[in-house]
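Thanks for making the time this morning.

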Amino acid sequence: MKTLNDFNFKNKKALIRVDFNVPLNEKFEVTDATRIVSAKPTIIKILEDGGSCVLMSHLGRPKGVQDEFSLRHIAAKVKEILGVEVKFVDACVGSKAEEAAANLEPGQVLLLENLRFHKEETAGDKDFAEQLSKLGDVYVNDAFGTAHRAHASTTIVAQFFPESKCFGYLLAKEIESIEKVLKSGEKPVLAILGGAKVSSKITIIENILDKVDHLIIGGGMAFTFIKAQGGKIGNSICEDDKQALALDILKQAKEKNVQVHIPVDVIAADAFSNDANTQVVDINEIPDGWEGVDAGPASRKQFHDVVMDSKTILWNGPLGVFEMESFAQGTIELGNSIAEATKSGAFSLVGGGDSVAAVKQFGFDDKVSYVSTGGGAMLESLEGKTLPGIAAILE
Ligand code: AMP
């Protein structure tokens, strides 16, 4: 796998696909700069080598050229985070962009205008990609968040750099973390899947059954499994048409020697509200009119023990309706268990969807080994798919 360390960027112009799709408030101020901060090590390495950086990204989902989606709004923030001057050009292809790139000196950074002002970007247009390729000597992909898209700047442009393309540090770290879990993880390997729906995780479950020793199925997803096995789930969320599939997953797990852990008790609420009345009940005996909204105390203990016994841990999806304070405790305690296991030497990866929001909200992000930066890209990786943006560099 070619990374930045295989290149010396002295007097070279790096064309870097970053993911600067950051949230802005009504004053066009960046409200969460995590993605810019994450790209910093790659940019700094190139500048310190004596090279220059041409940064390209999308921002939002503009329909044609719309000023509210201009990357101009974030240029000052990028400058503040990098600690170097950042030039902005209001084009990403054509003579204006080419001239700005040509005038770039070693040690300088140029930010291009929003790639998605051109429909050719998401269409993966080859001519557009070729125009982009004129802006740099080496192509660096550091945008995991869009690596599952075969867009011009994430995938197609790599064709024009047959010998001079590589992963940035962020993307390399994402790939390594996924491989640690799915390929080379120290055993026992545990996957924790929570969240609302089984249907959105089927392909992931089927892929990881071959790779894990333990599987925790928590959150709203668990009720489809409980009902399929004859339990009473009251008003808990359930996908009735997925019950047969749930039973099949349990059968496959048994054949593959994967130990499946499903909650044994739940916090049941009499309404889907933070102020609802609650009680702890057996997960198979949820009374009519009540619904399971969080893992119960016995389940938390059960999950803690499995987590502490594991050497490699993947966490995707919360154990309850963590957005409501009253139902967040199961998710918080799981986060604590994973943090403790990590401290004792386990490798832990949190990725894909709401568990990332949960770890950030509850402050676990620096207590786990790695928090993925890409939702959809992470989910597709866990499904076993080769992401086009990654394949394009490896080819
Ligand atoms: P996902 O995006 O698949 O990870 O699902 C995350 C969502 O699952 C969050 O919004 C949670 O509120 C929701 N969730 C987790 N547990 C439950 C539950 N027991 N009942 C309803 N929703 C749940």
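This is a predicted model: local features need pLDDT of at least 70, side-chain atom pairs count only at pLDDT 80 or more; totals for chains, interfaces and linings use all residues.

Residues are numbered from 1 along each chain as its sequence is written, and side-chain values use heavy atoms, with hydrogens and water left out.

Which residues are closest to the ligand? Of the 15 residues that surround the ligand, the closest are Ala196, Gly220, Gly292, Glu323 and Asp354, where a residue counts if one of its heavy atoms lies within 4 Å. A polar side-chain atom of Glu323 lies 2.4 Å from a ligand oxygen atom, while a backbone N or O atom of Gly292 lies 3.0 Å from a ligand nitrogen atom.

Turning to the cysteines, a search of the whole structure finds 0 disulfides, a disulfide being a pair of cysteine sulfur atoms within 2.5 Å. Cys92 is in no disulfide, and the nearest cysteine sulfur, that of Cys53, is 17 Å away. Cys92 is buried, at 1% relative accessible area, whereas Cys238, at 27%, counts as partly exposed; buried means under 20%, exposed over 50%, and partly exposed in between, with a 1.4 Å probe and protein chains only.

Finally, the largest cavity holds about 80 Å³ of space, and its lining includes Phe20, Arg35, Asp142 and Thr373. A cavity here is a set of points, on a 1 Å grid over the protein atoms alone, where a 1.4 Å probe fits but cannot get out, and lining residues have an atom within 4 Å of a point.

Methods. A polar contact is a pair of N or O atoms within 3.5 Å; within protein, one must be able to donate a hydrogen and the other to accept it, and residues adjacent in sequence count only if both atoms are side-chain atoms. On a 1 Å grid over the protein atoms alone, a cavity is a set of points where a 1.4 Å probe fits but cannot get out, and a pocket is an open set with protein on both sides within 12 Å along at least five of seven lines; lining residues have an atom within 4 Å of a point. Grid points are joined across faces, edges and corners, and a volume is the space filled by probe spheres set on the points.
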